[in-house]
Amino acid sequence: MPGELHVIVLPPSLTDGSRQVRVNGELLGTAHSLRDLAAFLRYAGLEGYDEVDVANSELIEWHGGGPEAWSRPK
């Protein structure tokens with residue numbers, strides 16, 4: 001169930017701005033965009049999630065910037 005998922009998007013990488021994604025403590029991979037993040041969440045069971053759903057989701061705990069932060073920090 002979606003309410004049972006604990007999603008954390010870590011801060012942008014210092015090298016390329018990509019962000020590691022953890023769901024319920026498990027590292028699912030590294031996202032380079034909202035599209036990648038949506039794919040990870042669909043894999044985790046949030047069927048039908050797209051980029052807009054991801055940007056507006058209250059399930060996601062964003063660290064080091066919100067859904068707009070996909071570039072390396074300056």
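Contact here means heavy atoms within 4.5 Å. The model shown is predicted.

**Figure 1. Ala-44, in the loop between helix 1 and helix 2.** Leaving aside neighbours within four places in sequence, Ala-44 is in contact with Leu-5, Val-23 and Leu-28. Its relative accessibility is 25%, so Ala-44 counts as partly exposed. Ile-60 lies 16 residues away from Ala-44 along the chain, and the two C-alpha atoms are separated by 13 Å. Gly-45 follows helix 1 and has a positive phi, near 115°.

**Figure 2. The whole protein, with two helices and four strands.** Along the sequence the pattern reads β-β-β-α-α-β. The radius of gyration is 11 Å, close to the 11 Å that the globule rule gives for 74 residues, so the protein is as compact as a globular protein of that length. The C-alpha trace spans about 35 × 25 × 15 Å along its principal axes. Of the 74 residues, 36% count as buried. The accessible surface comes to about 4,600 Å², and carbon and sulfur atoms account for 51% of that. Take the contacts between residues at least 6 apart in sequence: 42% of them join residues at least 24 apart.

**Figure 3. The buried and exposed sides of helix 1 (residues 34-43).** The buried residues are Leu-34, Leu-37, Ala-38, Phe-40 and Leu-41. An α-helix has 3.6 residues a turn, so residues three or four places apart point the same way. Arg-35 and Tyr-43 are exposed on the other side of helix 1. The cover over the buried residues includes strand 1, strand 2 and strand 3 (26-31). Helix 2 (51-56) and strand 4 (60-62) are also among the covering elements.

**Figure 4. The largest nonpolar core, a set of 17 residues.** Val-23, Leu-37, Leu-41, Val-54 and Ile-60 touch the most other members. At least two core residues come from each of strand 1, strand 2, strand 3 and helix 1. Helix 1 gives the largest share, five residues. In soluble globular proteins, nonpolar side chains tend to be buried together.

**Figure 5. Leu-41 and its contacts.** Neighbours within four places in sequence are left aside here. Leu-41 is then in contact with Val-7, Val-23 and Leu-46, among others. Tyr-49, Val-54 and Ile-60 are also in contact with Leu-41. Leu-41 is one of the buried residues of helix 1.

**Figure 6. Ser-18, in the loop between strand 1 (7-9) and strand 2 (19-23).** Ser-18 has 9% relative accessibility. This is under the 20% cut-off, so Ser-18 counts as buried. Its side chain makes a polar contact of 2.7 Å with the side chain of Asp-16. Not counting residues up to four places away in sequence, Ser-18 touches Pro-11, Pro-12 and Ser-13, among others. Thr-30, Ala-31 and His-32 are also touched by Ser-18.

**Figure 7. Gly-17, in the loop between strand 1 and strand 2.** Gly-17 is buried, with a relative accessible area of 1%. Pro-12, Trp-70, Ser-71 and Arg-72 touch Gly-17, not counting residues up to four places away in sequence. Ser-33 is 16 residues from Gly-17 in sequence, and the C-alpha atoms are 9.2 Å apart in space.

**Figure 8. Asn-24, in the loop between strand 2 and strand 3.** Asn-24 is not a glycine, yet its phi is positive, about 50°. Most residues other than glycine have a negative phi. The relative accessible area of Asn-24 is 47%, so Asn-24 is partly exposed.

**Figure 9. Ala-69, in the segment after strand 4.** Ala-69 counts as buried at 17% relative accessibility. Leaving aside neighbours within four places in sequence, Ala-69 is in contact with Pro-12, Arg-19 and Gly-64. Glu-26 lies 43 residues away along the chain, and the C-alpha atoms of Ala-69 and Glu-26 are separated by 22 Å.

Terms used
Residues numbered from 1 in each chain as written. Predicted model: local features only at pLDDT ≥ 70, side-chain atom pairs only at ≥ 80, totals over all residues. Heavy atoms only, no water. Buried < 20%, exposed > 50% of the residue type's maximum accessible area, 1.4 Å probe, protein only. Polar contact = N/O pair within 3.5 Å; in protein donor to acceptor, adjacent residues only side chain to side chain. Core = buried A, V, L, I, M, F, W, Y, C linked by side-chain atoms within 4.5 Å. Rg over C-alpha atoms; globule rule 2.2 N^0.38 Å. Areas by Shrake-Rupley, 256 points an atom, 1.4 Å probe, with all protein chains shown as cover.
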